Amino acid sequence: MSFSVIAVDGGSPPRSGTIEISVVILDANDNAPIFTKERYIGQVLENMPEGSVVLTVLATDQDAGVNGDISYQLSQAVGQSDSAFVIDPKTGEIKLTKPLDYEAAATHELSVRARDGGGLSAICKVLVEVVDVNDNAPELVVSSFSSPLPENTVPGTVVALFSVRDRDSGANGKISCALEDQLLFSLRPAYKNYYELVTVSALDREETAQYVLSVTAADAGSPPLTTTQTFTVDVSDVNDNAPVFNQTSYTMYVRENNVPTVFVGAVSAADADVGLNAKVTYSLAPAQAAERPRCSCISVNSENGHVFVLRPLDYEHLRQTEVTVVASDAGSPPLRANVTVRLVVLDENDNAPLVLYPGQESGAASSELVPVSAEAGYLITKVVAVDADSGQNSWLSYHLLRATEPGLFTVAVQSGEVRLRRPVTDRDSVKQKLVVLVRDNGQPPLSATAALSALLLKDFSDVRLPHSSAATEEQDGSLTTYLIISLVFVSLLFLISAAVFVARKVCRRKELQAGHVLYGADNLQSGLADAAAAGTLPRAYCYEISLTTGSGNSEFKFLKPILPSLPPQHCATGQGPEEGQDFPCVPVSTEDMAPDNPGTLSARQFNALSFD
């Protein structure tokens, strides 16, 4: 403040003086700072960057000078450290030192102190509200999950149970779940924030063996955040599919006269299941009671379905047969399927033609009568034959193999008709014999022959003559056969007798060579005496007998004749085994002399004598 002081003297004129006085009032720090608000409330987005101003506090001080200078500072709340805020000491601006997280703290309460230069201060409260933003995606927590599922699972079966949550608030924390593109599964709420993944229809492993399910949880923020959880559901197999043959029926072929256990084909069945449910085995179905027994010649391999013919077949007895093959899987219970297998036997050329006419029995065949006046083309007879084979194997052709007069006859190739090729002449024999060859068309061809005869007659009344001649020829043939048999028998008998005789001679010779003397001096004397007394020796001769133990034959040496009327005498000059021994005189007829030496007996003649 200022005022003027005037001083006036007492003079006349009076004089005065004026002085301006200024009064300066010195301030005392008698006023504390005062905030404009007792409580400041500010809002900040949780995604605000560092350094962002949250709000500004303001305090005034009525003092002047230093006492009126105010500075600001934050007072840390109890239990808080590393504050996310900072205040400008001059301006009072509160800023962020780091981003805020609504999910960590939705509000922050601060104390701001305003202090003047004199040391007086004031405090105000600052409440910072963190505004939530949609910065958290939903979370999905699986509580249970079942996989694999049997394909016969009933609808409504719970596959998975899970819960969802979102840390945001408000619309940002509201969650909805959805299942993508599935008709066999669905989601249904369980309780609170739990959901169930369930089946809504039957499953089929053969159609789809695995399902990949995607569950998406989305919040209501802007923009919305989502989370996707994948469930892989495997479908386990049940035996719900029977084996299926790749054909509705099978036809297989085998040639007759096949080798045993020949492979003729295979059946094949597939099962849409897996594992043991898909393991297929094959077997032959037993014949039903009303059906005829099935052919036991067919067998099927249980593992691969190969079909075999166990024994040789004959087309003429069995042309085709059918069996039922059963395919069974290894499931529980097993499922089956049937298929008909038809086995066709193919013909082989294994049957030669059979001639039916004319008959080819062992008896004499009847002769065809042909008049000598017959013209060319005259039908004599027809050869009839059949073939048990079929197709071209049974096509028969007829050919003239040989004939008495080949140029007289002709045979139709297809029909087997035997006709005259030319007229009969006088030079042709009355009895004609023909052999017709019947051949089939197989590969290689088989054939048979038919023998027939034809009689060329002027008059059919002469038919008996050729027939009687034929009978005579047949009788002559039988007699010749008997004579040949008798001759062979007699020859055999002669050979046997000769062999026995030679054998006996050989045996006796071996005995003599071994040193066995069958006759000695005493035996010889007594034997000759008995022979002379019996009169078997008509004339008497004296013989010198020389015997050695190793000699192979015995000989008499003629000495001199002895009169038949004389009794037996001794010969003093004989030489025997011992010096001076006499030998008896043996009467022998001249017919018994050896032909080459009249005075010597042969070994045969000597052996013929009986000395017993």
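Student: Which residue in β28 is the bridge partner of Gln-320?
Tutor: Val-344 is the partner. Before we go on, this is a predicted model: local features need pLDDT of at least 70, side-chain atom pairs count only at pLDDT 80 or more, and totals for chains, interfaces and linings use all residues. Residues are numbered from 1 along each chain as its sequence is written, and side-chain values use heavy atoms, with hydrogens and water left out.

Student: Why are β21 and β24 called edge strands?
Tutor: Take the open sheet of four strands, ordered β21-β28-β27-β24 with mixed pairing. β21 (249–255) and β24 (280–284) each pair on one side only, which puts them at the edges. Neighbouring strands in this sheet are turned by 30° against each other on average, direction ignored; axes are lines fitted to C-alpha atoms, for helices over the stretch in contact, with angles from 0 to 180 degrees between N-to-C directions.

Student: Why is β30 said to be largely enclosed by the rest of the structure?
Tutor: Buried means under 20% relative accessible area, exposed over 50%, partly exposed in between (1.4 Å probe, protein chains only). Four of the five residues of β30 (residues 367–371) are buried, so the strand is largely enclosed. For the protein's 612 residues, the buried share is 32%.

Student: Which strand do bridges join to β30?
Tutor: That's β37 (residues 447–457), joined by five bridges and running parallel. Within β37, Leu-456 is the bridge partner of Val-370.

Student: How do you know that residues 482–503 are helix?
Tutor: The span is 100% helix and 0% strand, with its end C-alpha atoms 32 Å apart. UniProt lists those residues as "transmembrane region" in an unreviewed entry; its positions follow the numbering used here, feature names are shortened, and annotations may be inferred rather than shown by experiment.

Student: What percentage of contacts join residues at least 24 apart?
Tutor: Contact means heavy atoms within 4.5 Å. Among contacts between residues at least 6 apart in sequence, 64% join residues at least 24 apart.

Notes
Helices (H or I, at least four residues) and strands (E, at least two) are DSSP runs, numbered from the N terminus. Two strands pair if DSSP finds at least two bridges between them.
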